[in-house]
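This report describes the fold of a single protein, from its overall dimensions to selected residues. Please consult the sequence and structure shown here alongside the text.

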Amino acid sequence: MKTNRLKDEAAAFDLQIRERIAHGHVPDLRRAQPCDWFYNNPWRRPEYIDSIFGEDFRFALAQIPPGSRILEVGSGPGHMALELARNGHRVTGVELSPECVRVARRMAAENPYRESFGSLSYAVGDIFTWECGERYQAICFFGVLHHFDNPGAVLDRVLGLLEPEGAIIAVEPARDWFSPLNAAVALLIRLLLSRSGRWHETLRLPGDTAQLGSLVDDCLAEYREQRDRDAPAQSPQDNSSYADGMLAALRERFDQTAFQNGHAFLPRMIGGVRGTEADALEMAAFLRLFDEYCVRSGLLMPGQFRFAGRKRTLGIPKTVS
């Protein structure tokens, strides 16, 4: 990224985390509290957080040898890096946003879970120019690689920071895979929830196929751009790369060791469910089950992928399906 783009990117995430913290957000997978300020976001309830970020974390943890030195690129407010350190790893997070790093350091200082804790540090910096002075056994991207318009360039950079046969973890949105059928199913669920008073907003039922088609198109655009209609992008560099390009760059440079398709519609659905607390949690659990079934059976396209690989050594590349 160019210098002015880096500044704009950092400023966007500075603003976002300030606003979230001011409204009660606790970016910690274990200590997060219910936060009604989020109207349709997994951070609204701890149970939703585990359904989204918890699954991503467990995938990553399974790919990393115990006690590893780990670098998280774009560590944000630190929830993933902190959890990795709680599991005995020696973790460094590098992040463009000074405000995110300030929050991450505070979350680490307040951490009450000290047993089996490894180590944790954060740096404000750009991965291309940041000087670390060491090599890592694993490098992680959690929803960050798609902010680079040239994912191959950043992967070439981290290759030099990895030890021989070091691990790469990339958990990224697959917004280009989200299909019109995905959008139609997501819209149907929202309409039915709204009619029963279980959605965060009241939706009007379409009266004809033209209206229905327009609503499906709106839903498709929302999921592909990861923002509400007429809302600004999360940051200037959001959606700079898409799943096919990221995976091609990853597989060109690393031997794939594990791969999972992620959720189809759940991240932009689970936080919008309403009703009594018990009813909302029950519905959210069902939606998680339904999403998993649809992806595994091939009925819907995944809206996310989880990739793990190893730094390529001499010889024939090996992959697993």
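## Basis of the model and strand E5

How many of the twelve residues of E5 are buried? Nine of them are, so E5 is largely enclosed by the rest of the structure. Buried here denotes under 20% relative accessible area, exposed over 50%, and partly exposed in between, with a 1.4 Å probe and protein chains only. Helices (H or I, at least four residues) and strands (E, at least two) are DSSP runs, numbered from the N terminus.

The model is predicted: local features need pLDDT of at least 70, side-chain atom pairs count only at pLDDT 80 or more, and totals for chains, interfaces and linings use all residues. Residues are numbered from 1 along each chain as its sequence is written, and side-chain values use heavy atoms, with hydrogens and water left out.

## Overall dimensions

The secondary structure consists of nine helices and seven strands. The C-alpha trace spans about 60 × 45 × 40 Å along its principal axes. For 321 residues, a compact globule would have a radius of gyration near 20 Å, and the protein agrees with this at 20 Å; the radius is taken over C-alpha atoms, and the globule rule is 2.2 Å times the number of residues to the power 0.38.

Of the 321 residues, 53% are buried. Among contacts (heavy atoms within 4.5 Å) with a separation of 6 or more, 78% are between residues 24 or more positions apart. The accessible surface is about 14,900 Å², and carbon and sulfur atoms contribute 52% of this area; the areas come from the Shrake-Rupley method with a 1.4 Å probe, and for residues only the protein chains shown count as cover.

## The seven-stranded sheet

The seven strands form an open sheet in the order E3-E2-E1-E4-E5-E7-E6, with mixed pairing. Two strands are taken to pair if DSSP finds at least two bridges between them. Strand E3 (119-124) and strand E6 (254-261) are the edges, each pairing on one side only. From one strand to the next, the twist averages 15°.

E4 and E5 run parallel and are joined by six bridges, with Phe142 opposite Val171 in E5. Strands E1 (residues 69-73) and E2 (residues 90-95) also run parallel, joined by five bridges. Helix H3 (residues 79-86) lies across E1, E2, E3 and strand E4 (136-142), at about 155° to E3. Such angles run from 0 to 180 degrees between N-to-C directions, and the axes are lines fitted to C-alpha atoms, for helices over the stretch in contact.

## Helix H8

In helix H8 (residues 243-253), the buried residues are Ala243, Met246, Leu247, Ala249, Leu250 and Arg253. They cover an arc of only 160° around the axis, which puts them on the same side of H8; the arc is that of the directions from the helix axis to the C-beta atoms. In an α-helix there are 3.6 residues a turn, so residues three or four places apart point the same way.

The buried residues of H8 pack against helix H5 (151-159), strand E5 (162-173), E6 and strand E7 (304-311). Asp244 and Glu252, on the other side of H8, are exposed.

Thr92 belongs to strand E2 and is the bridge partner of Leu71. Its relative accessibility of 11% classes Thr92 as buried. Beyond its neighbours within four places in sequence, Thr92 has contacts that include Trp130, Glu134 and Tyr136.

Leu96 lies in the loop between E2 and helix H4 (98-110) and is partly exposed, at 24% relative accessibility. Residues up to four places away in sequence aside, Leu96 touches Leu6, Glu9, Ala10, Val124, Gly125 and Asp126. The C-alpha atoms of Leu96 and Phe13 are separated by 8.5 Å, although these residues are 83 residues apart along the chain.
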